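Try each task before you read its solution.

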Amino acid sequence: ARRMLPMMNEINKNNFGGAHRVSCYTCHRGAEHTVNAPPLPQVAPEGGPAGEKPAATLPTGEQLIDKYWQALGGRAAIEKAKTRVLKGAQIASSDGSSIPLEIYQAAPNKFALIFTPQQQATLTRAYNGTTAWMKTPRGQRELTGAELDKIKHTADFFWMLKLKELSKEMRVTGKAKVGDREAYVLMARIAPTHIERYYFDTQTGFLLRSITLEDSMIGWIPEQTDYED
């Protein structure tokens, strides 16, 4: 594995100007050993990245965000909210296992994420507006550095109202399917090492999915969140 990382970095350095175009997943796809011949039959992909399809006429990013605000009741209604509770599950990409989770938020930036694995102790990540920490069966530790930056971004209660200001690069890349719904895909570069993709329902304007891409020494690490109700 240690030899593989320099090899991957050399491929990116020599062929892509150092950009993370090739990662561990490019070849391994989650398996220990790579496959050197394609399975047959091969079917051409329907769209680009994440199944996105180019569209003849696309709204602007600002138009999508404005419609999203309207779907939530308007900016004034959003600003009146003080607390929020979300319930769902974290699904592992490796085996599809599911862990129930709850998220509690209070304006402007207090946050608690609670995992409840079956037959295991509760895992908690929290931020009180100043300090962040993680608590596991092994104990509790403070979050610093990149971990602190990430939870600060997640804890922002009114993040949806700051989409236009946060993004240094924002563009609509096309349309994609999210379940049985069609969505416009808005890509926003929040920072050089942080990219967000937002999938807005073409009819209702609601946010159906978000994908976060974080740059790391082994390439881009994705995290996907799907929203319902």
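Contact here means heavy atoms within 4.5 Å. This is a predicted model, in which local features need pLDDT of at least 70, side-chain atom pairs count only at pLDDT 80 or more, and totals for chains, interfaces and linings use all residues. Residues are numbered from 1 along each chain as its sequence is written, and side-chain values use heavy atoms, with hydrogens and water left out.

**Exercise 1.** Find what T202 touches, leaving out residues up to four places away in sequence.

*Solution.* Step one: go to the loop between β9 (194-201) and β10 (207-216), where T202 is found. Helices (H or I, at least four residues) and strands (E, at least two) are DSSP runs, numbered from the N terminus. Step two: list the contacts of T202, which are K67, E182, A183 and Y184. Step three: check the accessibility of T202; its relative accessible area is 11%, so T202 is buried. The cut-offs are under 20% for buried, over 50% for exposed and in between for partly exposed, with a 1.4 Å probe and protein chains only.

**Exercise 2.** Work out which residues have the most contacts inside the largest nonpolar core.

*Solution.* Step one: recall that such a core is a set of buried Ala, Val, Leu, Ile, Met, Phe, Trp, Tyr and Cys residues joined through side-chain atoms within 4.5 Å. Step two: among the 19 residues of the largest core, pick out Y68, W159, L186, Y198 and F200, which have the most contacts inside it. Step three: trace the suppliers; α3 (61-71), β8 (181-191) and β9 each give at least two residues to this core. Step four: look around Y68, which, apart from neighbours within four places in sequence, contacts W159, M160, F200, G205, F206 and L207.

**Exercise 3.** Describe the salt bridge between R181 and D201.

*Solution.* Step one: apply the criterion, a side-chain nitrogen of Lys or Arg within 4 Å of a carboxyl oxygen of Asp or Glu. The closest N and O atoms of R181 and D201 are 2.7 Å apart. Step three: compare accessibility; R181 is partly exposed at 33%, whereas D201 is buried at 4%.
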